[in-house]
Amino acid sequence: MSGKRPVTTRADYADFYPLQTRWMDNDTYGHMNNAVHYALFDTAVNGWLIDRGLLDLRSSETYGLVVETGCRYHAEIRFPDRLTAGLRVARLGSSSVKYEVALFRNEDEAAAAEGFFVHVYVDRGTHRPTPIDEGRRAAFKTLMTEPDR
């Protein structure tokens, strides 16, 4: 097994989405429950899509379904921390996209948590995979931090 991967920093991400912790996010141990990390990843990506007109929750003909997720934890997060989600795209396929999302606590440069999830785009009516449209594809390419990644 190779060595531990270095923790990413803000400079490793293409765009950012602001988030706020809530009192209810803290668990018995006094820090943010691990399940909340996943909800924040989802909020950041879908918020980014909505802000850019790439997702309408009620009427988009296609949308992304999460088919895989993961997270590495580096530092505790707790209410009332302010968070910034760093966003980038690691892989862009014909009907899928792998997002990498880091949660940065307050003004910290190093990620407190790093996660990923894969969206497979599906047709709203059939729920069958469908190619990512050109508008989304162009937007996703702006989140790619390395060419031909």
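This is a predicted model: local features need pLDDT of at least 70, side-chain atom pairs count only at pLDDT 80 or more; totals for chains, interfaces and linings use all residues.
**Entry 1**

I began with the largest pocket, which has a volume of about 270 Å³. I then looked up its lining and got 13 residues, with Arg5, Arg72, Arg88, Glu100 and Glu114 the closest to the centre. Sorting the lining by type, I got six charged residues, four nonpolar and three polar. Which strands supply at least two residues each of this lining? I noted down β2 (62-73), β4 (96-105) and β5 (113-123).

**Entry 1: Glu100**

I picked Glu100 from the residues closest to the pocket centre and found it in strand β4. Is Glu100 buried or exposed? Its relative accessibility is 15%, and buried means under 20%, so Glu100 counts as buried. I also checked its side chain for a partner: a polar contact of 2.6 Å joins it to the side chain of Arg88. Arg88 is on my list from Entry 1 too, as one of the residues closest to the pocket centre.

**Entry 2: helix α1**

Next I went to α1, which runs over residues 34-51 and has 18 residues. I looked up its span from first C-alpha to last: 26 Å, close to the 26 Å expected at 1.5 Å a residue.

I wrote out some of the buried residues of α1, including Val36, Leu40, Phe41, Val45, Trp48 and Leu49. His37 and Asn46 are also among the buried ones. What covers them? The cover includes strands β1 (15-20), β2, β3 (82-92), β4 and β5, along with helix α2 (134-142).

Then I checked the ends. Just after the helix, Gly53 has a positive phi of about 70°.

I finished with the backbone angles. The peptide bond between Phe79 and Pro80 is cis, with omega about 15°, and Pro80 sits in the loop between β2 and β3.

Which residue between β4 and β5 did I flag? I flagged Asn106, in that loop, for a positive phi near 50° in a residue that isn't glycine. Asn106 counts as partly exposed because its relative accessibility is 24%.

I flagged His127 as well: not a glycine, yet its phi is positive, about 60°. I found His127 in the loop between β5 and α2. With a relative accessible area of 44%, His127 is partly exposed.

Note on methods. Residues are numbered from 1 along each chain as its sequence is written. Side-chain values use heavy atoms; hydrogens and water are left out. On a 1 Å grid over the protein atoms alone, a cavity is a set of points where a 1.4 Å probe fits but cannot get out, and a pocket is an open set with protein on both sides within 12 Å along at least five of seven lines; lining residues have an atom within 4 Å of a point. Grid points are joined across faces, edges and corners, and a volume is the space filled by probe spheres set on the points. Helices (H or I, at least four residues) and strands (E, at least two) are DSSP runs, numbered from the N terminus. Ala, Val, Leu, Ile, Met, Phe, Trp, Tyr, Cys and Pro count as nonpolar, Asp, Glu, Lys and Arg as charged, and the others, Gly among them, as polar. Buried means under 20% relative accessible area, exposed over 50%, partly exposed in between (1.4 Å probe, protein chains only). A polar contact is a pair of N or O atoms within 3.5 Å; within protein, one must be able to donate a hydrogen and the other to accept it, and residues adjacent in sequence count only if both atoms are side-chain atoms. The expected span of a helix is 1.5 Å times one less than its number of residues. Contact means heavy atoms within 4.5 Å.
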